[in-house]
Amino acid sequence: MIYLDNAATCREKPISVYRDMAFYTAFLSANAGRGGHYLSIKAAEKISDTAIELAELFNIPSPASIAFTQNATLALNMAILGCGRGKHIVTTSMEHNSVLRPVNSLGHYTVVKADREGFVNPLKIKSAIRHDTGLIVISHISNVCGSIQDIYAISAVAAEFGIPVLLDAAQSAGIADIDVEKMNISMLAFSGHKGLMGPLGTGGLYVRDEKMLEPVITGGTGSSSENLEQPLNMPDILHSGTMNTPAIAALGAGVRFIKKHTPAAILAHERELAGKFISELNNMDNVIVYGSNDISRRNGTVSFNIYNTDSNRVSDILNDKYRILVRSGWHCAYTAHRTIGSENGAVRASFGFFNTVRDVKRAVDAINDIRKR
């Protein structure tokens with residue numbers, strides 16, 4: 001089996017992630033921060049340890065500014081619904097529905113259209129800003145075609161107008177270098193089970209200033225229990241309910257693996273594989289590849305189609321006959337597909353750190369066979 005669906009989740013993970021998940025499930029299933037006994041304290045310490053690892057990876061000044069969630073979708077909803085009510089929001093046509101649906105629910109927004117390769121012009125972001133704009137939301141890397149946005153230029157525009165930037169790092173955390181200070185990022189939503197190589201059901205939200213947020217979910221935090229109001233300090237403002245301590249501890253192991261190998265090296269490996277894959281597909285008749293041919297502007301995610309063959313059909317053949325696992329359709333990002341010209345959907349092959357050149361060759365050979373049918 002060849003797994004090429006890393007944009008959805010990293011299937012193969014470091015041994016340390018599996019080991020820590022099993023260990024802490026068996027021996028540290030106490031409720032973190034909900035008691036003064038030894039196990040509760042140790043559980044809280046493991047959560048804090050992972051926050052420290054993430055803070056170092058993203059150059060976040062205070063680990064306490066990171067709240068853990070079950071995924072990037074929840075983190076994005078907490079940020080958008082907690083910060084964007086009553087404000088005009090600027091976002092882009094390359095966003096995942098985890099951004100567009102909560103933004104749409106608030107009803108006061110502008111979508112800046114990217115170009116055919118999936119890149120957003122910072123000047124178009126600037127033109128979309130209005131007197132009541134209170135938030136800019138943008139994905140760092142497209143989950144459809146792997147385009148990497150110029151966040152430095154976009155955040156510079158935001159800083160000119162004093163507007164906070166929420167960065168959707170679901171596809172970039174652990175793969176691209178992220179420095180929230182240099183990038184001037186106000187909020188960072190990330191997934192734990194993709195580039196950070198952690199378990200499913202993990203993610204988080206960094207918030208520079210908790211005063212910009214209203215809590216979306218309220219409940220028990222283990223702190224200020226005498227008050228009916230939600231605590232307004234990070235991370236308690238976002239930490240209602242029992243934390244998934246074993247998974248968060250295992251996420252810490254994934255982050256340590258990332259830091260050891262470095263995001264730059266991981267991205268270089270993904271680009272090497274994607275570059276070979278794109279080059280081979282571009283030489284095939286009846287095959288179209290979406291996004292930029294400049295591999296330095298994208299990651300390991302590649303969407304393509306075989307003319308006159310439905311993307312779901314191609315995906316099924318790759319799965320059933322060749323045991324190559326990809327994803328087809330709209331990838332929860334229909335506006336992105338419309339932007340790049342694949343409004344009927346596409347086949348997505350997303351390479352990860354554990355894929356090899358041999359995987360590329362087998363995928364290329366299979367696609368070549370399918371297109372000749």
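**Backbone and core: a short chat**

Trainee: Where is the place of N184?
Mentor: Happy to start there: this is a predicted model, in which local features need pLDDT of at least 70 and side-chain atom pairs count only at pLDDT 80 or more, while totals for chains, interfaces and linings use all residues. Residues are numbered from 1 along each chain as its sequence is written, and side-chain values use heavy atoms, with hydrogens and water left out. Helices (H or I, at least four residues) and strands (E, at least two) are DSSP runs numbered from the N terminus. N184 sits in the loop between strand 6 (165–168) and strand 7 (187–191).

Trainee: Why does N184 count as partly exposed?
Mentor: Buried means under 20% relative accessible area and exposed over 50%, with partly exposed in between (1.4 Å probe, protein chains only). N184 counts as partly exposed because its relative accessibility is 27%.

Trainee: What is the phi of R323 near?
Mentor: Most residues other than glycine have a negative phi. R323, in the loop between helix 9 (311–320) and strand 11 (324–325), has a positive one although it is not a glycine. The value is near 55 degrees.

Trainee: Which residues have the most contacts inside the largest nonpolar core?
Mentor: Such a core is a set of buried Ala, Val, Leu, Ile, Met, Phe, Trp, Tyr and Cys residues joined through side-chain atoms within 4.5 Å. The largest one has 57 residues, and those with the most contacts inside it are F58, L188 and L196.
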